[in-house]
Structure formats: C-alpha cells, structure tokens
Amino acid sequence: MTQATIFHNPRCSKSRQTLELLQQQGAEITVVEYLKDTPTAEELTRILSLLGLTARQLMRTKEEEYQALGLDNPALTEAELIAAMVATPKLIERPVVLANGKAAVGRPPENVLAIL
C-alpha cells in the first residue's frame with residue numbers, strides 16, 4: 001500500500017478532490033492541514049526540491065497577501081520567499097502530495113497519480 005502525505009486545506013475543492021482520489025487509490029494517507037500545522041522552511045525547501053519548483057512557482061500569487069507583502073519583487077531570494085510562505089501559509093499552492101520519494105501538486109487532482 002502506498003503511503004502518501006497531503007498538505008491539505010479542507011476549504012479548497014481541489015484539495016478535497018485530491019484527498020478523495022488518494023482514498024480511491026487505497027493510499028495510506030497522512031493529512032497535514034498546513035494552515036494549522038505549517039511546514040518549516042526546511043520542509044518547504046525539501047518539498048520544492050522534490051517538485052522541481054522554485055518558491056515563487058509554488059506561491060499563490062493571486063492572494064491579497066502576495067501583493068501586500070511585496071512578494072512580486074524579483075530581488076527577493078528563495079529563502080525570503082520560503083520564509084514568507086512559512087509566515088503566511090495561505091500563500092502555499094495546494095494541495096501538495098508526497099509519496100514514494102516524490103511530490104506533486106494536485107492541480108488538477110489527477111497529477112498525483114503519477115507519484116503513487
């Protein structure tokens with residue numbers, strides 16, 4: 001049985017659909033409600049590495065906080081962007097699923113099938 005961790009927001013329809021898909025696939029799931037249990041900077045760095053993305057690519061750039069915090073500034077470093085996501089987890093794209101030493105963003109939810 002595949003073990004999977006989902007960084008989940010229960011208020012997000014894509015996150016709920018991805019969790020349901022994992023359940024349908026019979027995965028043993030650890031649910032992390034990242035708005036309450038925010039990943040550390042080290043965890044986010046590891047996740048970004050598994051995803052092959054930069055911090056900015058995993059950010060929800062349309063969130064009000066993105067503009068309010070000036071995160072569109074191209075001079076900001078990866079560490080600064082990651083720190084902003086830790087401080088304001090609403091900025092993290094959702095859902096992110098980890099399984100089999102890999103990671104995928106569940107947008108669309110079917111993306112996670114490739115790592116199961």
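Which residues does Met85 touch, not counting residues up to four places away in sequence? In this predicted model, Met85 is in contact (heavy atoms within 4.5 Å) with Thr38, Leu44, Ala55, Leu58, Met59, Leu91 and Ile92. The model is a prediction in which local features need pLDDT of at least 70 and side-chain atom pairs count only at pLDDT 80 or more, while totals for chains, interfaces and linings use all residues. Residues are numbered from 1 along each chain as its sequence is written, and side-chain values use heavy atoms, with hydrogens and water left out.

Met85 also belongs to the largest nonpolar core, a set of 22 residues. A nonpolar core is a set of buried Ala, Val, Leu, Ile, Met, Phe, Trp, Tyr and Cys residues joined through side-chain atoms within 4.5 Å; buried means under 20% relative accessible area, exposed over 50%, and partly exposed in between (1.4 Å probe, protein chains only). The members that touch the most others are Phe7, Leu51, Leu58, Met59, Leu71, Met85 and Val96. Two or more residues of this core come from each of α2 (41–51), α4 (78–87), β3 (96–99) and β4 (102–105), where helices (H or I, at least four residues) and strands (E, at least two) are DSSP runs numbered from the N terminus. A second, separate core has eleven residues, including Ala4, Ile6, Leu21 and Leu22.

Six salt bridges were found in the whole structure, each a side-chain nitrogen of Lys or Arg within 4 Å of a carboxyl oxygen of Asp or Glu. Glu93 pairs with Arg60 at 3.0 Å, N to O. Because Glu93 lies in the loop between α4 and β3 and Arg60 in the loop between α2 and α3 (64–68), this pair ties together parts that are 33 residues apart in sequence. Both Glu93 and Arg60 are buried. Glu93 also forms a salt bridge with Arg107 (2.8 Å, N to O). Arg107 is in the segment after β4 and Glu93 in the loop between α4 and β3, so this pair ties together parts that are 14 residues apart in sequence. Arg107 is partly exposed, at a relative accessible area of 33%, whereas Glu93 is buried at 18%. Arg60, Glu63, Glu65, Lys90, Glu93 and Arg107 are linked in a network of salt bridges.

A further salt bridge joins the side chains of Lys36 and Glu33 (3.4 Å, N to O). Lys36 is exposed, with 71% relative accessibility, and Glu33 is partly exposed, at 29%.
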